[in-house]
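Visitor: I have a structure that I would like to go through with you. Could you take my questions one at a time?
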Amino acid sequence: MIEDLPSELLQEFVLATCDVETLASLAQVSRKLRRWPGQEERWRKLWWERWGTEAVCLTEEEEEAEEEGTADDTSSESASPRSGYSQQPPRKRRRALNLDPDVHQNPILEHAATLAGGWKALFASRDGVHRASSPIVMPSPHEEMAVVEQMIFLAHRVQASSAGSRPSGGKFAPPPALEVVFLCDGSGSVTAQDFFAMKAFADKCVQRGMCLNLSAGLVQFSSESRVEIPLEKPESHASFARKLDATTRMNGGTNIAQALETALHLFCPDAAGTTGKKSDGCGSTQAYYNGREPAARVAVLLTDGRVDNYQARDASSVAARMLAEVPNFSLFAVGVGNDVDRTFLTSTSELYFPLRVSTSDY
């Protein structure tokens, strides 16, 4: 009987080699295996083996290696005539951290597993979505909610870090403050279904964030960018949802740099425009004396990321400005559409999340 095996042999030679069907079958016939602690770790590995390349991805910054013969070219492009951006910070590259789960833990996926009730339940949830949506790659509801709640975590972290610098006055702490701007790609390369998925994700974020001191706005971009919903406190989730429903796709090109520039102005109205004018910035001290509570600020870029090299460089430069000028700022990239440029989106943001992408992208 398999239940009579020593624990070490059971863990090393049975559970460690089981595939999905075998592990599920053993849990049905063996009470010991059904309750075995090591089973959860095996389900975690099986999840990663099957969907690791299609998972939410955290990144870290690293210096970009200078390619031979490009040093002069790089310096000359700091004021590209195509974009008008000037005096940009040095360009850096970001690399994915969760390619090997045994080396880099992914706290967002760990939280998704907790929301699902364990890795086995998360596997079952993702498998159900896969069967229903294939060949389109979509996350499980628990993964999507874990990404949404990452914004809430950031708001709590900012509140905790600033609590020591302000007198409490003996009152209860107010809800953490979160300012979020959704940047929705309305270009011709995304479909109506993709655009609907972007709006649905924004709706979930706002619905979940109503427990905070929330300000939310939405920018749609194609060849140009347009503020569909100003960055303000929603009267209610329903009022924000009505404005979302009224937003229709623009069509056109994909100007991510201008979309990020528009978001920068929403977060920081006195920032410089695309003329290269020196920015006064929007430091946390200025924001504090303007009566604004310290807040987490998140730009959520929902796009397929399909831009040329010049446009990608411009977008990366604006993203670097936002990190330098906007206090407590984070950039999330959400992949939506066919032929999503995962490499560009990962290299620009600190979190990449494939929401609705074609399998050919992986």
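Visitor: Which residue stands opposite L331 in β8?
Guide: A299 stands opposite L331 in β8. This is a predicted model, in which local features need pLDDT of at least 70, side-chain atom pairs count only at pLDDT 80 or more, and totals for chains, interfaces and linings use all residues. Residues are numbered from 1 along each chain as its sequence is written, and side-chain values use heavy atoms, with hydrogens and water left out.

Visitor: In what sense do β7 and β8 pair?
Guide: Strand β7 (residues 295–303) and β8 pair in the parallel sense over seven bridges. Two strands pair if DSSP finds at least two bridges between them. Strands (E, at least two residues) and helices (H or I, at least four) are DSSP runs, numbered from the N terminus.

Visitor: How many residues of β8 are buried?
Guide: Nine of the nine residues of strand β8 (residues 329–337) are buried, so this strand is largely enclosed by the rest of the structure. Buried means under 20% relative accessible area (1.4 Å probe, protein chains only).

Visitor: And C57, buried or exposed?
Guide: C57 has 0% relative accessibility and therefore counts as buried. C57 is found in strand β1 (residues 57–63).

Visitor: What separates the C-alpha atoms of C57 and A333?
Guide: Their C-alpha atoms are separated by 9.7 Å, although the two residues are 276 residues apart along the chain.

Visitor: Now the helices: which residues of α9 make the contact with α8?
Guide: From α9, the contact (heavy atoms within 4.5 Å) is made by F201, K204, C205 and R208.

Notes: Buried means under 20% relative accessible area, exposed over 50%, partly exposed in between (1.4 Å probe, protein chains only).
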